[in-house]
Amino acid sequence: MLQQVVLTGIKPTGLPHLGNLVGAIQPAIAMSLDNQKRAFYFIADYHALTTLKDAQLLKAYTLQVAATWIALGLNPSRVVFYRQSDVPELFELSWILACFTPKGLMNRAHAYKASVQRNAEIGEGDVDAGVNVGLYTYPVLMAADILLMQTHWVPVGGDQVQHVEIARDIAQYFNRQYQRAVFVLPEALIDKQGRVIPGVDGRKMSKSYNNTIPIFGPSDALRKRIVRIPTDSSAPGEPKDPETSTIFHLFRLVATPEQTADFHAQFLAGIAWKDAKDQLFSRLAQHLAAPRERYRDLVKDPAMIEGILDHGAEQARDLAQDTMRRVRLTIGQNLR
Ligand code: TRP
């Protein structure tokens, strides 16, 4: 049976938070258990470099993000788990793909467009102020990530769907030019439930809103974050609506159906906000207790994480070289 490749990149620009856990990490790990698929997950350190230029921080985030995924159950014998920059074939392909990418396609990419718009809003005369070429061609590198591994499926959040469509467009331009199906045409896999995970202020949990709950932060920090969740002024004993409560929504993400039903009933019976927050805190702490211990051991042993990523890169490069042989022959180059 031919397995289909499922691939996703994780940008190491911060520590993973609960929104990442529920929206990306848990679904991706579940998908890696599907025998019909071959999973490739990688730390996208080159993409991070478009914004993160602190060497120590980039290195630390790379290892901590990798440790987080492993601690939460990513099994390196089921997933080709690697660091993007350990696969140099990516750059050969990136250039080649750039030659098939209409410049206008990059002009329309969301992240670039947003920068242009910001500049216009603040009255900056140069629409491209603050935009480096890496940011501008970000979607080409991402297309190379995807097409190099002959990817069918790309699990991503809604904000990345356009990038996967761009990768598919570029693959089609290339295949059409040479009249050969060299590249697999990738498709985005979006969380069907389309859940928005609320942050501690009730808006979507996101680094840019500073409202996240870190997965493995110190536990007093976790408590402080939860205390910050705004509530209405209803007193203890007054019935509360679970559906409009951020506390309830967060609880449900890490609870069994029975625990959720019980918490729901307590809301209707008028639980005090303070008790509700305490219960959310203990549920989260319990949910994360075992992974937290694994995480602590892993970050103490960076060599072990590096070893896993190195091994993943070797496997990724096997496939990358296979793709590059076909690409080189197709465009009229020699094999090396
Ligand atoms: N751009 C993605 C993000 O910001 C990360 C990423 C890089 C990626 N390369 C990828 C995702 C390839 C999927 C496939 O989240």
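**View 1. Two domains whose C-alpha centres lie 32 Å apart.** Welcome to this predicted model. The chain has been split into domain 1, covering 4-196 + 301-331, and domain 2, covering 207-296. Domain 1 is therefore written as two stretches of the chain, since the bounds come from an automatic or database domain assignment.

View 2. Counting residues in contact, domain 1 brings 15 and domain 2 brings 14.

**View 3. Polar contacts and salt bridges between the domains.** Here you can look for 5 residue pairs in polar contact across the interface of domain 1 and domain 2, with both residues of each pair at pLDDT 80 or more. For salt bridges between the two domains, the count is 0.

**View 4. Helices H1 and H3 on the side of domain 1 that touches domain 2.** Helix H1 spans 18-31 and helix H3 spans 55-71, and these are the elements that give two or more residues to this side. H1 provides the largest share, with 5 residues.

View 5. Sorting the residues of domain 1 that touch domain 2 gives 8 nonpolar, 6 polar and 1 charged.

Methods: Residues are numbered from 1 along each chain as its sequence is written. This is a predicted model: local features need pLDDT of at least 70, side-chain atom pairs count only at pLDDT 80 or more; totals for chains, interfaces and linings use all residues. Side-chain values use heavy atoms; hydrogens and water are left out. Contact means heavy atoms within 4.5 Å. A salt bridge is a side-chain nitrogen of Lys or Arg within 4 Å of a carboxyl oxygen of Asp or Glu. A polar contact is a pair of N or O atoms within 3.5 Å; within protein, one must be able to donate a hydrogen and the other to accept it, and residues adjacent in sequence count only if both atoms are side-chain atoms. Helices (H or I, at least four residues) and strands (E, at least two) are DSSP runs, numbered from the N terminus. Ala, Val, Leu, Ile, Met, Phe, Trp, Tyr, Cys and Pro count as nonpolar, Asp, Glu, Lys and Arg as charged, and the others, Gly among them, as polar.
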